[in-house]
Amino acid sequence: MTIGARPRAVLAALGTLGLALTAAVSPASAAGGTPTTPTQLFNGYRNCSTDADRPSYRSAHEGLVVMGIPGTTDTSADPLMGVRYQVWPVSDPTQVTTVARDRVSPGFEAPVTLPASALADGQTYAWQARSVIGDAVSDWTAPCYITIDNTRPANAPTISSPNYPPEGWTEGGEPVEFTLGANGADDVEGYEFSWQQDLPVIGVSIGEYGIPQPVDPYENTKYFKRADTLGGSATLKLIPPSGSGPMTLWVRSLDRAYNGSATASYRFYVGSAGPTITPSVPNPEFGEPTDFTFRPDPGLQAKSPVVSYSVQTVGGRNDRTFEIPADADGTATTRLTLDGEYGESLQVSSKSANGWVSDRTWWGVSYDTTPTVTSAAYPENGSSGGAGVPGTFTFTPKVKDVVSYTYTFNNGDPEVTVPAAADHTASVDWTPPTDGWYDLTVYATTGSGLRTASYDYYFTVN
């Protein structure tokens with residue numbers, strides 16, 4: 001069962017196959033061999049039930065796809081075969097409808113569609129299949145039993161919560177307890193739920209040789225919960241998708257054929273309870289290792305101890321998200337080197353032992369890492385000098401440990417890198433070849449290899 005994705009295209013195409021709906025079916029063109037009873041029987045892409053007291057429930061608005069793999073004793077060749085299917089209401093075995101699929105390769109599923117006109121809502125049917133090679137036929141398979149259910153549950157489910165009241169604000173910190181009810185629909189088998197309005201689609205993957213791979217959707221506890229009895233209720237404990245703000249759970253009931261009811265919703269609000277972020281110094285410097293301490297919200301810590309933090313860096317050279325464990329008191333400390341050219345921020349959330357994830361707390365710092373540029377001959381934004389008149393340009397850092405500067409006059413010119421002096425400054429002499437407007441672009445590099453932001457110094461040569 002593939003949850004969240006529609007069935008593969010092959011499923012949708014099955015209803016368009018050419019079928020022979022007749023009282024007597026013409027056999028397919030065939031090679032030698034003796035036909036054997038089909039295997040791998042499915043109806044509506046779910047497993048065949050051979051127990052008359054426990055039929056499979058399927059909807060059949062546009063007919064019902066049944067299938068089986070034909071067999072033959074001739075394993076040395078690859079003859080084309082046929083499969084014959086017949087279906088009848090359990091209450092009247094004389095009303096037989098026969099459907100055939102011709103020219104099928106042995107070992108592959110041979111699907112056909114039982115017509116909707118032969119399948120009444122609420123009725124139980126038996127169907128079986130046999131392999132056909134020329135005039136030879138195999139034994140019939142044991143009957144498969146299905147009950148047709150084309151009617152979805154009459155009412156949307158009820159939703160209640162004892163610890164998160166509807167439309168109210170709650171501090172949060174513990175899973176939300178929900179009780180889902182059938183609201184009078186006595187054929188409800190279970191419930192489908194999600195924090196998003198578009199609920200997942202129940203589909204079936206198709207494996208090798210066209211064999212369906214059905215699974216029980218209720219095994220996926222992220223989206224499904226079976227009712228405690230047919231038409232009964234179900235209880236859930238869920239962690240909201242985010243730590244604070246408005247939350248809405250969407251729920252619909254499912255009957256045994258997976259027909260879905262109308263969708264109900266339950267909205268509530270969770271207060272903000274993110275961790276605190278404290279750097280070891282008030283204003284961490286660019287490129288300098290700094291310790292950061294994270295402390296949990298006291299309310300969250302009291303309900304369930306914080307066991308870890310998720311830390312995301314934003315704006316640095318190599319942004320990343322990582323987890324760090326918390327100490328017994330819920331705090332944690334990590335050392336970070338902030339290297340964003342224009343600043344950097346942290347986004348931190350806590351995770352409690354009961355699975356609760358808080359909303360994110362934001363902390364950030366801004367930097368101006370651009371070098372300072374000065375020139376007596378060619379002042380910034382001024383007009384002076386002339387073609388062939390040399391000038392000296394001095395670069396001064398705003399950050400520590402600068403070891404070099406890289407510059408270019410006018411975009412597109414080759415870059416030039418010069419070392420910094422002991423005081424971390426540098427001076428370059430340059431003579432303009434022509435008059436006109438110039439753009440000097442320069443950035444610095446630190447001893448640890450960090451590059452600063454670039455500065456553009458504009459001037460005009462007379």
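## Strand β7 and its partners

How many bridges join β7 to strand β10, and in which sense do the two run? In this predicted model, β7 and β10 (residues 124–133) run antiparallel and are joined by 8 bridges. Strand β8 (residues 97–104) also pairs with β7 in the antiparallel sense, over 6 bridges.

Strand β7 spans residues 81–89 and is mostly covered, with 9 of its 9 residues buried. M81, V83, Y85, V87 and P89 point one way from the strand, while G82, R84, Q86 and W88 point the other way. Residues on both faces of β7 are buried, including R84 and Q86 on one side and Y85 on the other.

## The five-stranded open sheet

Another part of the chain holds an open sheet of 5 strands in the order β32-β38-β37-β34-β35, with mixed pairing. The edges are β32 (383–384) and β35 (416–419); each has a single partner strand, so one side of each is left without a neighbour in the sheet.

Within this sheet, β34 (residues 402–409) and β37 (residues 436–446) pair over 7 bridges in the antiparallel sense. S404 has T445 in β37 as its bridge partner.

## The second largest pocket

The second largest pocket holds about 480 Å³ of space. Its lining is made up of 18 residues, and those nearest the centre are R46, P55, S56, E189 and Y258.

Which classes of residue line the second largest pocket? The lining has 8 nonpolar, 7 charged and 3 polar residues. Among the residues nearest the centre, R46 and E189 belong to the charged class, and P55 and Y258 to the nonpolar class.

## Confidence of the model

The average pLDDT of the chain is 92, and 92% of the residues score at least 70. Where does pLDDT stay under 50? Residues 1–31 form such a stretch, and the model has 75 contacts for them beyond four places in sequence. Contacts placed at that confidence are to be read with the pLDDT of residues 1–31 in view.

Methods: Residues numbered from 1 in each chain as written. Predicted model: local features only at pLDDT ≥ 70, side-chain atom pairs only at ≥ 80, totals over all residues. Heavy atoms only, no water. 1 Å grid on protein atoms, 1.4 Å probe; cavity = no way out; pocket = protein on both sides within 12 Å on 5 of 7 lines; lining within 4 Å. Points joined across faces, edges and corners; volume = space filled by probe spheres on them. Pairing = 2+ DSSP bridges. Helix = DSSP H or I, 4+ residues; strand = E, 2+ residues; numbered from the N terminus. pLDDT = per-residue confidence, 0-100. Contact = heavy atoms within 4.5 Å. Buried < 20%, exposed > 50% of the residue type's maximum accessible area, 1.4 Å probe, protein only.
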